[in-house]
Amino acid sequence: MQTLQPLVPVITTPNGSLAHPAHFLLVGIPGLGPNTHFWLALPLCFMYAVATLGNLAIVLIIRVERRLHEPMYLFLAMLSTIDLVLSSVTMPKMASLFLTGIQEIEFNICLTQMFLIHALSAMESAVLLAMAFDRFVAICYPLRHASVLTGPTVAKIGLASLARGFVFFFPLPFLLKRLSYCRTHTVTHSFCLHQDIMKLSCTDTKVNVVYGLFIILSVMGVDSLFIGFSYILILRAVLELSTRGAALKAFNTCISHLCAVLVFYVPLIGLSVVHRLGGPTSLVHVVMANIYLLLPPVVNPIVYGAKTKEIRSRVFRIFSQDGR
């Protein structure tokens, strides 16, 4: 954003052994001037409006329509709630950065944003896995679907997703606080990520690297493997159906979820790969991170609204009533 970076005050811990900056400096998109950033804030605000209204509409429709109180829609409500919070954690600060050019973000606020981004992403991954399991049972064992995914079971899966995201990523802010930051204090994204903050430290980050890799593999890595395995079994079951029409109808119920999975995991895998390759943060890193965090909250309500007949008809009914 700015060519000359201001000096950042450094706060030392009581024992004087660690140096923490009073705030970090967010860059935005490297190589773009203030005028370009200002105009980029307009589509960003539009995306935030779409994400907020779209996800809120899905949650309210599922809440009001009792016939939508089924596992598939309850998981969708969880996904939309997570996307609603995730977009609110990232987009307003990013829009403020683009509009005003104010780069500073207070140290503890940056760590809080970092924790919420990673924890919410883990929760979204868990919900996507639960939705894959729901489609697997519905297609492969349709007669057992109602008995397997009962209301209490869906609630327990939701709580487990919430707890796992919190427990696995809660240590991250404390692991970052044990580091000393005596190099540049410029975060090379428009928001705070663990890998980005960790690179600013001038002390040993081996624990952060190992734990970060562990949680990525044990959370997102395991989830993606189980989702892939679920779709292998779903595809096999669909191909065994007697008629082409039945096969297409069965697989059509998975299209929205497949889109959500691809929108979430493809940028995540790309971002993980470019970070693990090391080297200075480039425009590719920044673009991949922006796609990973900004796209799912915007795309998911559009895809599910367009592909889900019950939600689409409810939205049309609301607008037709308003038009009278």
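Where is the place of S121? S121 sits in helix 3, where helices (H or I, at least four residues) and strands (E, at least two) are DSSP runs, numbered from the N terminus. At 1% relative accessibility, S121 counts as buried; buried means under 20% relative accessible area, exposed over 50%, and partly exposed in between (1.4 Å probe, protein chains only). S121 and I255 are 134 residues apart in sequence, and their C-alpha atoms are 21 Å apart in space.

The structure is a predicted model, in which local features need pLDDT of at least 70 and side-chain atom pairs count only at pLDDT 80 or more, while totals for chains, interfaces and linings use all residues. Residues are numbered from 1 along each chain as its sequence is written, and side-chain values use heavy atoms, with hydrogens and water left out.

Helix 3 itself covers residues 107-140. With 34 residues, helix 3 reaches 50 Å from its first C-alpha to its last, close to the expected 50 Å; the expected span is 1.5 Å times one less than the number of residues. Because 26 of its 34 residues are buried, helix 3 is largely enclosed by the rest of the structure. The N-terminal end of helix 3 is capped by E106, a side-chain oxygen of which lies 3.3 Å from the backbone nitrogen of N108.

In the model, residues 111-133 are 100% helix and 0% strand, and their end C-alpha atoms lie 33 Å apart. Residues 154-176 are 96% helix and 0% strand, with end C-alpha atoms 35 Å apart.

Charged side chains come next. A salt bridge is a side-chain nitrogen of Lys or Arg within 4 Å of a carboxyl oxygen of Asp or Glu, and by this rule the count comes to three. One of them joins D223 and R164, whose closest N and O atoms are 2.6 Å apart. This pair links distant parts of the chain, since D223 belongs to helix 8 (residues 206-239) and R164 to helix 5 (residues 151-169), 59 residues apart. D223 is buried, because its relative accessible area is 1%. Another salt bridge joins D134 and R135 at 3.0 Å, N to O, and both D134 and R135 are buried. R67 and E65 also meet through their side chains, at 3.4 Å, N to O. Here R67 counts as partly exposed at 48% relative accessibility, whereas E65 counts as buried at 11%.

The surface has a nonpolar patch of about 410 Å², made by F38, W39, L42 and L99. Patches consist of residues with over 30% relative accessible area and no salt bridge, with like charges joined within 9 Å and nonpolar side chains (Val, Leu, Ile, Met, Phe, Trp, Tyr) within 5 Å; accessible areas come from the Shrake-Rupley method with a 1.4 Å probe, and for residues only the protein chains shown count as cover. Helix 1 (residues 34-64) gives the most to this patch, with three residues. L42 lies in helix 1 and is partly exposed, because its relative accessible area is 44%.

Finally, K249 lies in helix 9 (residues 244-252). K249 counts as exposed at 65% relative accessibility. The C-alpha atoms of K249 and L179 are separated by 54 Å, and the two residues are 70 residues apart along the chain.

How values were computed. A polar contact is a pair of N or O atoms within 3.5 Å; within protein, one must be able to donate a hydrogen and the other to accept it, and residues adjacent in sequence count only if both atoms are side-chain atoms.
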